[in-house]
Amino acid sequence: MKTLLLIFLFSSIFANESKYISFKRDLINYHYEISDSIYIKNISLETKDKITKLESFFGFQQKNSIDIYYAHSKEKFKELTGDRLPDWSGGVAFTNNRIIIVKSSVNSNKQDVIETLVHELVHIF
């Protein structure tokens with residue numbers, strides 16, 4: 001059953017990926033809606049610093065890429081995650097596939113989004 005759920009979730013992500021734009025910074029692939037471009041690029045700068053601190057804390061450097069999807073709305077978050085998470089959830093990490101999905105938009109509190117992202121990154125580390 002877990003395998004079927006993961007297949008559904010990842011097929012949903014990749015089916016909708018064409019609506020997203022992406023860029024890569026170091027080993028992180030950022031995926032987001034074009035309307036969030038400036039906001040996400042600013043967050044990515046702070047994310048780089050947080051990853052460096054996590055690498056130092058855990059004592060190793062990332063060698064494999066991580067895909068981070070930013071969900072522009074609650075509806076998009078539900079779509080990308082298969083509507084399997086509680087409403088209060090701000091993010092999820094699929095550790096085996098190195099995918100993180102974070103609920104985020106230009107109206108989100110930037111610090112909250114970064115804290116959620118760091119929390120999910122710890123699952124990947």
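Tutor: What follows is a set of questions about a predicted model, each answered by setting a value against its definition.

Student: What makes strand 1 and strand 4 the edge strands of the sheet?

Tutor: The sheet is open, with five strands in the order 1-2-3-5-4 and mixed pairing. Strand 1 (21-25) and strand 4 (91-94) each pair on one side only, and are therefore called edge strands. From one strand to the next, the twist averages 15 degrees.

Student: How do you know that strand 4 and strand 5 count as paired?

Tutor: Pairing requires at least two bridges, and four bridges join strand 4 to strand 5 (residues 99-103), the two running antiparallel. Within this pair, A93 stands opposite I100 of strand 5.

Student: Which strands do helix 2 and helix 3 lie across?

Tutor: Helix 2 (residues 37-58) lies across strand 1, strand 2 (28-32) and strand 3 (66-71), at about 25 degrees to strand 1. Helix 3 (residues 74-81) lies across strand 3, strand 4 and strand 5, and runs at about 160 degrees to strand 5.

Student: How do you know that the length of helix 4 agrees with its number of residues?

Tutor: At 1.5 Å a residue, the 15 residues of helix 4 (residues 110-124) should span 21 Å, and because its end C-alpha atoms are 21 Å apart, the two values agree.

Methods:
Residues numbered from 1 in each chain as written. Predicted model: local features only at pLDDT ≥ 70, side-chain atom pairs only at ≥ 80, totals over all residues. Heavy atoms only, no water. Axes fitted to C-alpha atoms, helices over the stretch in contact; angles between N-to-C directions. Contact = heavy atoms within 4.5 Å. Expected span 1.5 Å × (residues − 1).
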